[in-house]
Amino acid sequence: MISFSAVSKVYPDGTTAVHDLSLEIPAGRITVFVGPSGCGKTTSLRMINRMIEPTSGVITIDGTDTRQIDAPQLRRGIGYVIQNAGLFPHRTVADNIATVPVLQGVTRREARRRATELLERVGLPTSMARRYPAQLSGGQQQRVGVARALAADPPVMLMDEPFSAVDPVVREQLQTEFLRLQEELGKTIVFVTHDIDEAVRLGDRIAVFATGGHLAQYAVPADVLRR
Ligand code: ADP
Ligand code: ADP
């Protein structure tokens, strides 16, 4: 479980991005941060893996204050997926997926084998392994981004608008496949979107952010719809 306790973030220029956020994110579920642009969703997400440090408050993972875990170690257990996938353009699909396992000491051969397996899991033909990111469609790149984040088998995945840059038809496919995959994997997922329909479709729990970085509501999808 990930817990935010009275967490605030004020950027050096004085912008309050997140204001007094307290929230418990259950393990093994999809929790969605939803709200309009600029309301602190990405900042909140990036404080979980310490890409951004809170100004005040405490974030714990399974009871441990994240400040007591060094950042590289923390991030080994936390996959991270962003819009437009953020793939390394000069590496093949297989090498993109294999990057983290190789850094962790897995042999290149074994990492490639796992990469092939992961391609199948995210619904891509294994023939894509040798391509470069620019040779893939947007939807395919996002799938590779998910595969790369899964390669180290992290218990936690942070996903920042992962499906927002693709057209609606592909987005719906990605959502469906993502739900199927999650059913199998049971990761602790924090998913950021500005799209309330996507939030309701994917979320087990939904945190609705409002302007000024306030948490307006934290509820199950059915209760969010009722408002
Ligand atoms: P969201 O993900 O909901 O769009 P963000 O967390 O990206 O919101 O941003 C929240 C607020 O903080 C916005 O007003 C944004 O302009 C501001 N902000 C984000 N990053 C910085 C930064 N590095 N410096 C100053 N202000 C920032
Ligand atoms: P999607 O429906 O997933 O968005 P696209 O319509 O963009 O797919 O692409 C259709 C097919 O064309 C895909 O199999 C993709 O791999 C291939 N493709 C797209 N761009 C390129 C490229 N620059 N080089 C080679 N193949 C490409």
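Colleague: How many helices and strands does the chain have?

Modeller: There are 8 helices and 10 strands in the chain. Keep in mind that this is a predicted model.

Colleague: Noted. What radius of gyration does the chain have, against what a compact globule would have?

Modeller: The chain comes out at 17 Å, and a compact globule with 227 residues would be near 17 Å, so the two agree. If you're thinking about a box, the C-alpha atoms fill one of roughly 45 × 40 × 35 Å along the principal axes.

Colleague: And what share of the residues is buried?

Modeller: Buried residues are 48% of the 227. As for contacts with a separation of 6 or more, 66% are between residues 24 or more positions apart.

Colleague: Switching to the surface: how much of the accessible surface belongs to carbon and sulfur atoms?

Modeller: That's 49% of about 10,900 Å².

Colleague: How many positive and negative side chains are there?

Modeller: You get 26 positive and 24 negative ones, with the centres of the two sets 6 Å apart.

Colleague: Which backbone nitrogen lies 2.9 Å from a polar atom of its side chain?

Modeller: The one of Gly28. Gly28 is also on the list of residues in contact with Thr188 beyond four places in sequence, which includes Ile2, Ile25, Pro155 and Met157 too.

Colleague: Where does Gly28 sit, then?

Modeller: Gly28 is in the loop between β2 (16-25) and β3 (30-34). Its relative accessible area is 29%, which falls between the 20% and 50% limits, so Gly28 is partly exposed.

Colleague: Last one: where is Val224, and which residues does it touch?

Modeller: Val224 is in helix α8, residues 221-225. Not counting residues up to four places away, Val224 touches Ile196, Ile206, Val208, Gln217 and Ala219. Val224 is at 8% relative accessibility, so it counts as buried. The C-alpha atom of Ala207, 17 residues away along the chain, is 9.1 Å from that of Val224.

Terms used:
Residues are numbered from 1 along each chain as its sequence is written. Chains are lettered from A and ligands numbered from 1 in the order in which they are written. This is a predicted model: local features need pLDDT of at least 70, side-chain atom pairs count only at pLDDT 80 or more; totals for chains, interfaces and linings use all residues. Side-chain values use heavy atoms; hydrogens and water are left out. Helices (H or I, at least four residues) and strands (E, at least two) are DSSP runs, numbered from the N terminus. The radius of gyration is taken over C-alpha atoms; the globule rule is 2.2 Å times the number of residues to the power 0.38. Buried means under 20% relative accessible area, exposed over 50%, partly exposed in between (1.4 Å probe, protein chains only). Contact means heavy atoms within 4.5 Å. Accessible areas come from the Shrake-Rupley method with a 1.4 Å probe; for residues, only the protein chains shown count as cover. Lys and Arg count as positive and Asp and Glu as negative; His and the chain ends are not counted. The place of a charge is taken as NZ of Lys, CZ of Arg, CG of Asp or CD of Glu. A polar contact is a pair of N or O atoms within 3.5 Å; within protein, one must be able to donate a hydrogen and the other to accept it, and residues adjacent in sequence count only if both atoms are side-chain atoms.
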